[in-house]
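Dear colleague,

Please find below the structure that I am handing over to you, together with its sequence. My findings follow directly after it.

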Amino acid sequence: IQADGTDGDCVTFVLHDEDHTLGNSLRYMVMKNPDVEFCGYCITHPSESKINFRIQTRGALPAVEPFRKGLSDLMGVCQHVLNTFEVRQSWRARG
């Protein structure tokens, strides 16, 4: 990850080797933060495997904070889904 435009409240993060799978999910998680004014992403070109992920806050906190929280919250959701799947699979195996 590299960050461009370090204004603090408006930053574009470049995520390498990522696509819509992470971009859309992370955008959803970041937009849940009421201090975020804008969050969006774009795929630079179909032949490149990177996305530009932009966050603009209302100025009360740096853009990197909702980015980190969004990643953390998304990892939590993914872990919950994985745990639920494994529990259901173990119930099926029993019988």
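I begin with the cysteines. Cysteine 42 is partly exposed, at 39% relative accessibility. Its sulfur lies 12 Å from the closest cysteine sulfur, that of cysteine 39, which is too far for a bond. Please bear in mind throughout that this is a predicted model. The count of disulfides comes to zero. Cysteine 39 likewise takes part in no disulfide, since a pair must have its sulfur atoms within 2.5 Å, and the nearest cysteine sulfur to that of cysteine 39, in cysteine 10, is 11 Å away. Cysteine 39 counts as buried, with a relative accessibility of 7%.

The strands come next, with S4 as the point of reference. Strand S4 spans residues 50-57, and its side chains alternate.

S4 has pairing partners in S2 and S3. Strand S2, residues 10-16, runs antiparallel to S4 and is joined to it by seven bridges; within this pairing, valine 14 has asparagine 52 of S4 as its bridge partner. Strand S3, residues 36-43, is also antiparallel to S4, with seven bridges between them, and here tyrosine 41 is partnered with phenylalanine 53 of S4. A hairpin of six residues connects S3 to S4.

Which residues touch the most other members of the largest nonpolar core? They are Phe13, Leu15, Leu26, Val30, Phe53, Ile55 and Phe67, out of 15 residues in that core. At least two residues of the core come from each of S2, helix H1 (20-31), S3, S4 and H2. H1 supplies the largest share, four residues. In soluble globular proteins, nonpolar side chains tend to be buried together.

Apart from neighbours within four places in sequence, isoleucine 55 is in contact with Asp9, Cys10, Val11, Phe13, Val30, Val36, Phe38, Cys39, Ala63, Pro66 and Phe67.

Finally, I turn to the charged pairs. The structure contains three salt bridges.

- Lysine 50 pairs with glutamate 48, with the closest N and O atoms 3.8 Å apart. Lysine 50 is partly exposed, at 25% relative accessible area, and glutamate 48 is partly exposed as well, at 37%.
- Glutamate 65 pairs with arginine 68, with a closest N to O distance of 3.4 Å. These two residues are three apart in helix H2 (residues 64-94), so about one helical turn separates them. Glutamate 65 is partly exposed at 34%, while arginine 68 is exposed at 51%.
- Aspartate 73 pairs with lysine 69, the closest N and O atoms being 2.8 Å apart. Both residues lie in helix H2, four residues apart, or about one turn of the helix. Aspartate 73 is partly exposed at 29%, and lysine 69 is partly exposed at 47%.

With kind regards

Conventions. Residues numbered from 1 in each chain as written. Predicted model: local features only at pLDDT ≥ 70, side-chain atom pairs only at ≥ 80, totals over all residues. Heavy atoms only, no water. Buried < 20%, exposed > 50% of the residue type's maximum accessible area, 1.4 Å probe, protein only. Pairing = 2+ DSSP bridges. Salt bridge = Lys/Arg side-chain N within 4 Å of Asp/Glu carboxyl O. Core = buried A, V, L, I, M, F, W, Y, C linked by side-chain atoms within 4.5 Å. Contact = heavy atoms within 4.5 Å.
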